[in-house]
Amino acid sequence: MAAGSEALSYADRKSGSQVISLTGRNAIFRALCLSSAILVLAVLAGILIAMFIGGWPAFREFGLGFFTGSAWDTQNDQYGAWPAIAGTLSTAVIALIIGVPLSLGIAVFLTQLAPGWVRTPVATAVELLAAVPSIIYGMWGLFVFVPLFARFFQVPVSNLTEGLPIVGTILYSRSPTGLGVATAGIILAFMIVPFIASIARDMLAQIPTVLRESAYGIGCTTWEVVRYVLLPQAGVSIIGAIMLGLGRALGETMAVTFVIGNANRLSSSILDPGSTIASRIANEFNEALGLQMSALIATGCILFLVTFVVLVVARLLVARMKAL
Amino acid sequence: MNAASPLPADTPPAWGRVRASRRIADRILKVSATLFSLISVVVLFWILGMLLVQGGTSLSLDVFTKITPGPGSEGGGLVNAIAGSLVLTLLGIAVATPVGVLAGTYLVEYGRGSILAAVIGFLNDVLLSAPSILIGLFVYTLVVQPMGTYSGWAGAIALAIIALPVIVRTTADMLGLVPSTLREAGAALGAPTSLVTQRVTWRAAKAGIVTGILLALARIAGETAPLLFTALNNNFWFSPSLMGGVSNLPVTIFQFASAPYENWRQLAWAGALIITVTILLISIVARYALRKDIVR
């Protein structure tokens, strides 16, 4: 601003009209920048408000029972979000269980193990996985992965676990089509890997080489260097990266819609079809009217709040490391 | 002296006398890390291979010249869907680019150090990962419901909201890399901040900002979920006013992929190949231009 006023006083002596246009333009440009930045806030606030207003009739009608109810009955206008919430959480948890070791392994490989000529192509491939659209993952899941998964995992596991207590409940599926909560979780795992791996790699690469070399110097193995030196150093931000992946997994829509089987009923088995909040919205919203539409928006509101909290915590954890 | 006793000749010198448990833990880490990296590369090539085989055999001139077929009708192509996708994506980028660049400029040039800028920068990163289907829902309640009809405009707005945080983030990051000596030199010549920004800082960061726009383009070109309730989709040419449903590639793929008609499935594969190759090319160009990864 100081620069602006100096230009003004100089130009003031020369010609009056140019002064106005220059200061005016400066003020307009600043206002444009500020309002664009505010627009980002407005969009985020707008999403929250729109979700809340749109979902309000359902929240009012069903109260807290909306979160725990498991009916999804369009005939009698009875809606409960629990099966979708449970489906969302269980697919995300499965995605993390598979995706986190994969991502950390890739990050360790890229920063510690890979020779130079391997590093760049592998890193590029992992980044390109992030660019592949969600719908393509869905098609790969449905046409390639689902038949293989049904034949080589679901059928044998169902045969093995039939009638067993607990394990049989979780892993037995009556109709092993390959579609289900577990399949969706596995596809999601591949989709979140690039995001977690890329941040984890950056964090590992940021750790001063001296630390690593001194650990090797006193005779540590690579495992010990990773476990006792690198992970504690990068710890918090890697948890942030994982939560960022979780945020992605919770809201992912198209890939899940292809492979989860879209059942409104909640099954106790992870190999049975289910639904997530996002997949249910994608499937039903265009045909929904009145209370059903409101119930769908209300589940969207729940999804937004959960992902918002997860993403805020994730960004705080990642940012803490970057500030160091 | 013990130290004088030589190790057995066949022991690898790197290992010496290392406890088996340590050696095994190390081996497990190395093998699994390598294996996991291999798996991710294999999955990428598996997906690409699937698209090339299935999509390549479905590609023909018809795909680019005929419009999407109705249920049960023969043949057909994707030309209306491709054109619709181009229009929606470019409109989305056209809306998001000025807003995103200006907002990124505010964060760095005007708001540096202020709480407002810090909060906006932070929430922008949250918006970056917000579920895209919710952005579709938001635009539905904001645009489609009041207007009473699905429209290409609603679809373009939804895409713009997804592209916006990508552009804001890259613009802010790139402007942050511009040395302050450049700005000081501009200010010393008497130029106000707006002039310094437009004539000096933006020019210095041009390549980075363009990369951000390309990455945003790659991001929204394949987005399906936000278009489901905004641009909708159909099997006709869209009207020039973009009112009513606008056919687009991602939603067409979604509807055709598991349809009972053979020609629909073939077209879905062809569309999937076209869209993926386009997006991967854009992101490779963007990454090459910048040589810095911005996946987040």
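## A bridge between chains

B:Arg22 pairs up with A:Glu224 in a salt bridge (a side-chain nitrogen of Lys or Arg within 4 Å of a carboxyl oxygen of Asp or Glu), with the closest N and O atoms 2.6 Å apart. B:Arg22 sits in helix α1 (residues 20–58) of chain B and A:Glu224 in helix α10 (residues 222–251) of chain A, so this pair joins two chains. Helices here are DSSP runs of H or I, at least four residues, numbered from the N terminus.

A:Glu224 is buried, at 13% relative accessible area, while B:Arg22 is partly exposed at 21%. Buried means under 20%, exposed over 50%, and partly exposed in between (1.4 Å probe, protein chains only).

## What you're looking at

This is a predicted model: local features need pLDDT of at least 70, side-chain atom pairs count only at pLDDT 80 or more, and totals for chains, interfaces and linings use all residues. Residues are numbered from 1 along each chain, chains are lettered from A and ligands numbered from 1 in the order written, and side-chain values use heavy atoms, leaving out hydrogens and water.

The model scores ipTM 0.88 and pTM 0.89.

Over all chains, the count comes to ten salt bridges. In one of them, B:Glu109 meets B:Arg183, with the closest N and O atoms 2.8 Å apart. B:Glu109 is in helix α3 (residues 79–110) and B:Arg183 in helix α7 (residues 180–188), both of chain B, so the pair ties together parts 74 residues apart in sequence.

Over in chain A, A:Glu127, A:Arg201 and A:Asp202 are linked in a network of salt bridges.
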